[in-house]
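Trainee: Could you take me closely through a single part, the contact between the two chains?

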Amino acid sequence: MRLIDIVIGSLRRRKGRMAFIIIGLAVGVGTVVALRSLTATMEQEIGAQLDQYGANIVIVPKASSQELSYGGVTLSAATFDLRQLTDEDISRIKSIKYANRLSLIAPKLLGAVDIDGQKFLLSGAQLDQEVRMKQWWQVVGRVPDKADELLLGYEAAQKLGVIEAVKSADHDSMLHSDHTSVRQPELKLLRTELTLGGEQFRVVGVIRETGAQDDQMIFAGLPTAQRVLHKPGELSLIEVSALCQGCPIDDIVAQLSAALPEAKVSALQQAVRARLQTVERLSRFSTALSVVMLLIGFVMVFITMMNSVVERTREVGVLRALGFRKSHIVRIFMIEAALISLLGGLLGWAVGALSGVLSAPYFTETGAGAKPSLALALAALAAAVIVGVASSLYPAIKAAKLDPTEALRYY
Amino acid sequence: MSFITIENVTKTYQPNGVASRATVLRGVSAEIEEGEFVALMGPSGSGKTTLLTIIGAMSQPTEGRVVIDEVDVYDLSEERRADFRREYLGFVFQQHHLLPYLTALENVMLPLVITKLNAKEKRTKAQLALERMGLGDKFDRLPNQLSGGEQGRVAIARALVNEPPLLLADEPTGNLDSKTGDEIIGVLRALNEQGQTILMVTHNPEAAAATHRVLEIQDGILLSESAEPGCHAGQSLMEEVCAD
C-alpha cells in the first residue's frame, strides 16, 4: 500500500463527484484540442494553396518601358534602365533579416528571341526551382539540365511544329506523362532540334497546356538565357516564395525593398493572404479561448479540491495523528489532482481529436480531417495536468496546515 | 526518569471572536511508567482530551513540556513530531476514525504507508496485527461491513501495527454498547498484560476500573491519583460503580 492507493480508494468512494470534475475538464480540454486541430488543418490548407499559387513576392527593376510582360508584371527589354537586376541581388536578398522565412528565390531573365522567323519570349530560370514553384506544370519529357536544352510551352511547341495534339491515347507515343491517372491526350515530339541565336538546342520537354502565358514561352537554364540574350549576369525579375504559414509578408516586402532600393518589390496573391489572415484570426481566437478554458478548468479543479479538503478534514486529522507528515498530506492531494486531471486530459483529448476529425469537412475546403497529432495530445495532457496540479497546490497546502486535533474534531 | 513525564503543562487558547483566553489545562504534571495502564478521567470540558493530544504530540502546550522516552516532544520540529507519532505512538479514537473506503487490512496498513517497508512486509505486519485482534477472517471487509466491536478492534490493530511503545486511547468505549465496550476494554487489558503501556481517556468508571491507576482531572487541574482504582478510589466518579 502506497500513498496513491489511499488516493485511488478515496476517488473510488467519490465516483460521482470525480466523474463530474473529469467530464468538466474533458469538455475544456476537448474544446481546445478540437479548435487547435481545426485551425492547424486550415492553416495547412492555406499553406498548400499558397504553394499552388506560386511565388508571393516579385522583384523587378523600377524603371521600365517596354512591350513584354509576364504574370501581369510589365518587363523591360530596353537597356536604358537606371539599373538592371543582377546575380548580385540574389545574395542581397539572402541577407535580409527574414531570409530564413524565404522558401524559394527564383531569379529569371526574360527576353525576346527569334526562331524560324517567329518571335518568342525566352525565360531563363533555375528550372528545377521553377518546376517546384509551379506545381501545376505537367512536364512531358524532362526538365532541361544541360546548357543546350530547352523546355517549351504548349503553344510555342505547336507553333514550332515540335508537337501536335493527338486526340486519343496512343500507346506508341514516345513520351508519357507522369500524370497517368489524368486522361489527357498523349504528346508526340515531332522534332527536337531548334536553332536559337545561331546556336543548336535540343527540346527535352514540353509543358502541357496551362491556359496561362507560360504556354507561349520557351524556357532555358538561366546562364543559357543570359548567353543567348547577351545579358551576362543580368536578371529581369526575381520571384520570392515566402510560404511559411503566418509569414510577416509585409515585413518581408519592406526588408526586400530596403535591400534592393532600385527595385520594385510587390506582393501577390492578396486573396490568399486575406484568407490566411482569417485563419490567423481564428487561430488567435482559439488561443484566447484556450486560455479562458484553462482558467475555467483551473477554477473548477480549485473549487473541487477545496471542497475535497473540507470533506476530508477529519481524514487529514487521522492521517496526521498516525504520523503522516504535512508533506505526505500535500502529496496525497497533489496525486489526486494529477490523477483527475490526467484522466480529464485524456478524455478531453480523445473527444477533441474526434470532433476535430468529424467537423473538419464543415470548416475546410478539402474536407480533410485533422490528423490527431501526438504533439497536440501531449500538449493537452500536459496542460490538463499543469492546470490540475497548479490549482490544487493551495488546497493541498491548506489541508496540510490543518491542526490535527481540530481536524479530528471536525464534523 | 519515568517513561512519560508531563511537566507543568498549561494550555490556553483564544476562541474565535472572544477577547479573553480560555485556559484548558493549568500546570498539569504527571508521570507514567513503562507497562502501566492508566486512565485519565474527568467530566466533559475538563481538559482530558486536550491533555491526551498534548501527550500525543499533536498539540503544542502553551507552557510546560512532555518528555517521552527521554525525547522532549515539543522540541522537535513539526515534521519530526509527525515521525515521532509514527514511531512512538498508537492512537485509538472514540469514533475509531477508520477510512470508510479502505478495507480492514488497508486501514491497518495506513501507518505503514509512509515507512520504508516493502509491500509484502507491510501486508504481513498488518495481517499479524489483525489476527492478534481476532480478525484474521475479515481482512477484506470495509468498515461498514464490520460490527462496532470489530471496528474498534481494527482501530486498535491500526494503532499497534507499528509496535509503538505507547498506546493512546480517547474514549474507546464511548460510542459502544456496554457489551462491545467490555470487549474493547478486554482487548486493551490483554495488551497491557503483554507489556503494552496504555493511557486511556474515559468517563466510563467501569473502563477505568480495568486500569492500574486513574488520573482525575477537573477544570484543567489534575485532582488526585488513585493507585488502585475501583472501590478503593474514594473519588466521586467511582462511587456509582462501587455502590453497585
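Mentor: Contact here means heavy atoms within 4.5 Å. On that basis, 26 residues of chain B and 27 residues of chain A take part. This is a predicted model, in which local features need pLDDT of at least 70 and side-chain atom pairs count only at pLDDT 80 or more, while totals for chains, interfaces and linings use all residues. Residues are numbered from 1 along each chain as its sequence is written, chains are lettered from A in the order in which they are written, and side-chain values use heavy atoms, with hydrogens and water left out.

The area buried between chain B and chain A (accessible area, 1.4 Å probe, lost on putting the two together and summed over both) is about 2,500 Å², with 63% given by carbon and sulfur atoms. On the side of chain B, Glu79(B), Tyr101(B) and Ile114(B) lose the most area to chain A, together 26% of what that side buries.

Three salt bridges (a side-chain nitrogen of Lys or Arg within 4 Å of a carboxyl oxygen of Asp or Glu) are counted between the chains. One of them joins the side chains of Asp83(B) and Arg325(A), at 2.4 Å from N to O. Helix 2 (78-88) and helix 3 (104-113) of chain B, both DSSP runs of H or I with at least four residues, each supply at least two residues to the side of chain B that touches chain A. Helix 2 of chain B gives the most to that side, with seven residues.
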